[in-house]
Amino acid sequence: MNKEEQVYKMLDKVHDPELDQPLTALGFIDSTIVDHDRVEVVFRLPTYWCSPNFAFIMAEDINKYVSELGWVKEVKVNLIDHCASDEINNGVKDRKSFSEAFSKLSGGDLEELRQTFQIKAFYARQEKIMKYLLKNQMSKEDLITLTYDELNQLDLSNEGKRICDHYLEKKEEFNHKTSLVFTTPEGDALIPDTFSEYLLRAKRTRLSMDIGGQYCRGLLEARYDLKARTAEC
């Protein structure tokens, strides 16, 4: 794997915080430039006015994950065509917090916002694997009480394993101290009497994020005429 491929592998870990989809899959990565131990990542967003706090989170995460490559000594994040490009690019370069980079705006740091999006991603990923298991003849009662040991004994399809791993990756970030696979974001056991309402709420969250992803892809394609460019290649 060459250096550029290694960079893109790390960029696969950077998600749009609102959509829980990789920037690489959304088409937000414009290009990467590798010069020995220095890397520049150029990214763009669907509109000129995309929320600066969302963009700042993405820029921070690009810097974080690409910097984890052992050979990388310097990362330059370059957000283009955005109303706050200078503030975001310079803020990340100088290791400033969001409030420091945008000192003229009210707000503060982004940890509370990050946590909100973490919870939404948790619901969306959880709903997908629960729907898969329920569709494959697992009862609601067995689902609610499913442990990690029992999960490891299930004969999942490749698609099922992919969906399951995607959920468990997110659940691990919450550091729940329980043997139950499915809990609330707070780590509490699910309750049979309210499970249907819980699953419906999770489904609505997932659908909202899926629709948002499609909408953003459409805006990005229109803004940069990506279909026309692909046809020319």
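**Charges, bridges and a core**

Modeller: Lys 128 is partly exposed, with a relative accessible area of 33%. The model is a predicted one.

Biologist: Why is Lys 128 called partly exposed?

Modeller: Buried means under 20%, and exposed means over 50%. Lys 128 has 33%, so the label is partly exposed.

Biologist: Where does Lys 128 lie, and what patch is it part of?

Modeller: Lys 128 lies in helix H6. Together with Lys 131, Lys 135 and Lys 203, Lys 128 forms a positive surface patch. Helix H6, residues 111-135, gives the most to this patch, with three residues.

Biologist: Which residues form the negative surface patch?

Modeller: Glu 141, Asp 142, Asp 149 and Glu 150 form it. Helix H7 (140-144) and helix H8 (148-152) each supply at least two of its residues.

Biologist: How do you know that Glu 141 is partly exposed?

Modeller: Glu 141 is found in helix H7. Its relative accessibility is 46%. Exposed needs over 50% and buried needs under 20%, so Glu 141 falls in between.

Biologist: And Lys 93: why is it called exposed?

Modeller: The cut-off for exposed is over 50%. Lys 93 has 53% relative accessibility, so it counts as exposed. Lys 93 is found in helix H4. Its C-alpha atom is separated by 9.7 Å from that of Glu 74, 19 residues apart along the chain.

Biologist: What makes Arg 38 and Asp 35 a salt bridge?

Modeller: The rule asks for a side-chain nitrogen of Lys or Arg within 4 Å of a carboxyl oxygen of Asp or Glu. The closest N and O atoms of Arg 38 and Asp 35 are 3.0 Å apart, so the pair qualifies. Arg 38 is partly exposed at 40%. Asp 35 is partly exposed too, at 34%.

Biologist: Why is Asp 61 called buried?

Modeller: Buried means under 20%. Asp 61 has 13%, so it is buried.

Biologist: What separates Asp 210 and Arg 206 in helix H10?

Modeller: About one helical turn, because they are four residues apart in helix H10. Asp 210 has 24% relative accessibility and counts as partly exposed. Arg 206 has 10% and counts as buried.

Biologist: How many salt bridges are there by this rule?

Modeller: The count comes to 11. A network of salt bridges also links Asp 20, Arg 125 and Glu 169.

Biologist: Which residues touch the most other members of the largest nonpolar core?

Modeller: Phe 43, Ile 62 and Val 66 do, in a core of 41 residues. Elements that give two or more residues to this core include strand E4 (38-43), helix H3 (52-67) and helix H10 (195-224). H3 gives the most, with nine residues.

Notes
Residues are numbered from 1 along each chain as its sequence is written. This is a predicted model: local features need pLDDT of at least 70, side-chain atom pairs count only at pLDDT 80 or more; totals for chains, interfaces and linings use all residues. Side-chain values use heavy atoms; hydrogens and water are left out. Patches are made of residues with over 30% relative accessible area and no salt bridge: like charges are joined within 9 Å, nonpolar side chains (Val, Leu, Ile, Met, Phe, Trp, Tyr) within 5 Å. Accessible areas come from the Shrake-Rupley method with a 1.4 Å probe; for residues, only the protein chains shown count as cover. Lys and Arg count as positive and Asp and Glu as negative; His and the chain ends are not counted. The place of a charge is taken as NZ of Lys, CZ of Arg, CG of Asp or CD of Glu. Buried means under 20% relative accessible area, exposed over 50%, partly exposed in between (1.4 Å probe, protein chains only). A nonpolar core is a set of buried Ala, Val, Leu, Ile, Met, Phe, Trp, Tyr and Cys residues joined through side-chain atoms within 4.5 Å.
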